[in-house]
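Hi there,

Here is the structure I promised to pass on to you. Have a look at it first, and then read my notes below.

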Amino acid sequence: GDVWQFGGTVAGFVAGSAPASVTIDTFLFSSNVTASDHGDLSVSRGAGGGQSSRTHGYTSGGGSPTVATIDKFAFSSNVTATAHGLLSVARYYTAGQSSATYGYTSGGTPSGGVIDKFAFTSNVTASDVGDLTSVRRSGSGHSSTTQGFISGGFPDSNIIDKFNFASDGNATDHGDLSRTKSDATGCSSATDGYTAGGAGQTAPTEVIQIDKFSFSSNTTATDHGDLLADEYGTTGCSSTTHGYVSGGAAPVSNVVQKFSFSSSGNATDHGDLTVARADSSGTQY
């Protein structure tokens, strides 16, 4: 049957940035080229959460100024996004997760423990469906077919939380990253989550490592490879075979990197964004 999958097969999308921007970039998974301008968000912002349905990308929340707006844009056409609804509370530095029918926005500041849920099919205010195990912002979002995950975050954390899509409720502890870090990017294969780059405040260095953890078992993440350079504030997109890490803040970058899900190894250069940017939201189809 037609089984939902989080990873895309065609292209990744990178929306907004910090400093605040409205630009939505798109780049093909199949070729190493410079991204093209896909349109604009309805509200200028960065540090929002990214969610993906089969046909549309969503950017929820964000900052500069802090907004509650959930934007929706079509993958198939280059247009300005439309307002799809509101989060239960305006916040930024959130993490995004996606099921087949709902988008989830977890963590952020303020109200950094909240998990919001909104339907892809209707324009409504999101509902608060649970809490993370700890209050934090700047975590990394991941999605399996049945659960959402958020890894790391600030205040510095190595915790990997998970929550169920089938029933609303609080998150539970799924395991740990290899170290504490925040401002990393999240990618997802069908079976595993990946947390790439990031930074630490208690150990104030940017991070080059790509961590990998299984969706099916509660364990400590393992080293999957390295980014091209130490980087935080990057944006993650996922195909069915690779993770893509774009932009970043150390220094501000336009580079799109790519790493394989099937085997451990370092990221390679996949192309460039239209402009250098950090703290964008990533989606894919």
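Predicted model: local features only at pLDDT ≥ 70, side-chain atom pairs only at ≥ 80, totals over all residues.

The chain has 24 strands and 0 helices. Its C-alpha atoms fill a box of roughly 45 × 40 × 40 Å along the principal axes. Of the 285 residues, 56% are buried. If you take the contacts with a separation of 6 or more, 50% of them join residues 24 or more positions apart. The accessible surface is about 10,200 Å², and carbon and sulfur atoms account for 51% of that.

Now for a sheet you can trace yourself. Four strands form an open sheet in the order β4-β5-β6-β7, and their pairing is antiparallel. At the edges sit β4 (49-52) and β7 (82-86), each of which pairs on one side only. From one strand to the next, the twist averages 25°. Strand β5 (residues 56-62) pairs with β4 over 4 bridges, and S52 stands opposite G57 in β5.

Finally, find H84, which lies in strand β7. Is H84 buried or exposed? Its relative accessibility is 4%, so H84 counts as buried, since the cut-off for buried is under 20%. Leaving out residues up to four places away in sequence, H84 touches Y58, I70, D71, K72, F118, A119, F120, S122, N123 and V124.

Enjoy exploring!

Note on methods. Residues numbered from 1 in each chain as written. Heavy atoms only, no water. Pairing = 2+ DSSP bridges. Helix = DSSP H or I, 4+ residues; strand = E, 2+ residues; numbered from the N terminus. Axes fitted to C-alpha atoms, helices over the stretch in contact; angles between N-to-C directions. Buried < 20%, exposed > 50% of the residue type's maximum accessible area, 1.4 Å probe, protein only. Contact = heavy atoms within 4.5 Å. Areas by Shrake-Rupley, 256 points an atom, 1.4 Å probe, with all protein chains shown as cover.
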